[in-house]
Amino acid sequence: MTTLTEAAPATPAKHKAAAGTALPPARGQSFLKLVTIELRKSVNTRSGRVLIAAILLIALAAMTWQITHLPKGTVGFDGFLGAGSTGAMLILPVIGVMAMTSEWTQRTALTTFTLSPRRVRVQLAKFVSAVVLSAVVMTGVVVLALGGTALTGAITDHATTYAGFGSQLSGAYLTMALNVVMGAAFGAVIAQTAVAILVYFIAPTAWSLAGPALFKDNANWLDVFAAFGRIAERDLNGMLPETLTAIGVWVVLPTIVGLWLSSRREVK
């Protein structure tokens with residue numbers, strides 16, 4: 001009788017062990033899933049929707065002004081694209097900044113990095129989602145520019161042209177992507193939305209203004225806005241080393257530093 005009593009508890013213990021080993025292994029989230037989640041975060045917030053709406057409204061207003069103040073001669077698609085993308089180039093980097101700082105300013109980092117402990121992977125997903133969202137918004141601006149060009153040809157006596165359409169689009173999208181990555185990199189380094197936006201706008205602008213006075217032509221090596229302009233115009237003017245150096249210092253280096261800091265920043 002004693003032997004039966006002692007042997008009885010072994011059965012449920014064995015059953016629990018078997019049940020534990022029978023559970024399927026936990027699977028991490030795919031990178032595409034992380035990008036989708038970050039995209040949803042960007043468009044589900046009021047600030048994100050307001051920024052996107054502001055970009056499109058500014059583009060619409062700029063193109064309306066363009067139609068009512070047409071120059072003499074042929075009207076090109078590039079003029080409408082340039083007018084419409086000005087606001088986008090200013091505001092889209094803010095989306096990149098907010099994508100990187102949201103976890104820290106909204107105190108959701110603990111939840112996010114508990115569900116996805118590999119921080120660098122999550123941060124890279126934020127970079128990609130910011131570029132994808134910006135590309136979608138930029139596509140909306142391009143559609144408005146096409147509409148503005150077509151409308152001009154329909155309601156006025158001006159001739160319209162779409163010459164260089166492909167190169168103009170490639171320059172606009174590449175410049176947009178670099179701007180957004182630069183904004184996201186500053187957000188990753190500083191992790192405070194207001195401060196990161198302020199530094200993003202002031203630091204390179206201050207250099208572009210003060211650099212030529214202090215270093216003459218050598219200032220071109222760190223003038224990132226001039227580098228963006230050359231890329232947008234698809235004409236490096238023989239300044240490929242200067243362009244790559246400026247992008248490396250203002251875009252690539254902050255990205256690397258931002259990823260390193262984000263992987264070691266204390267989660268509260």
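Begin with the lining of the largest pocket: by class, nine of its residues are nonpolar, eight are polar and three are charged. Keep in mind that this is a predicted model.

Now size up the space. The largest pocket holds about 370 Å³. Its lining counts 20 residues. Select S85, M89, T175, F228 and A232, which are the closest to the centre of the largest pocket.

Next, colour the helices around them. Select α5 (77–105), α8 (165–190), α9 (193–215) and α10 (224–232). Each supplies at least two residues of the lining of the largest pocket. Which element gives the most to this lining? The answer is α5, with seven residues.

A set of 21 residues lines the second largest pocket. Select K41, T45, M98, S102 and Q106 to find the ones closest to its centre.

Two or more residues of the lining of the second largest pocket come from each of α3 (31–44), α4 (46–68), α5 and α7 (119–155). Again α5 gives the most, with seven residues in the lining of the second largest pocket.

Finish by colouring this second lining by class. How many of its residues are nonpolar, polar and charged? Six are nonpolar, 12 are polar and three are charged.

How values were computed:
Residues are numbered from 1 along each chain as its sequence is written. This is a predicted model: local features need pLDDT of at least 70, side-chain atom pairs count only at pLDDT 80 or more; totals for chains, interfaces and linings use all residues. Side-chain values use heavy atoms; hydrogens and water are left out. On a 1 Å grid over the protein atoms alone, a cavity is a set of points where a 1.4 Å probe fits but cannot get out, and a pocket is an open set with protein on both sides within 12 Å along at least five of seven lines; lining residues have an atom within 4 Å of a point. Grid points are joined across faces, edges and corners, and a volume is the space filled by probe spheres set on the points. Helices (H or I, at least four residues) and strands (E, at least two) are DSSP runs, numbered from the N terminus. Ala, Val, Leu, Ile, Met, Phe, Trp, Tyr, Cys and Pro count as nonpolar, Asp, Glu, Lys and Arg as charged, and the others, Gly among them, as polar.
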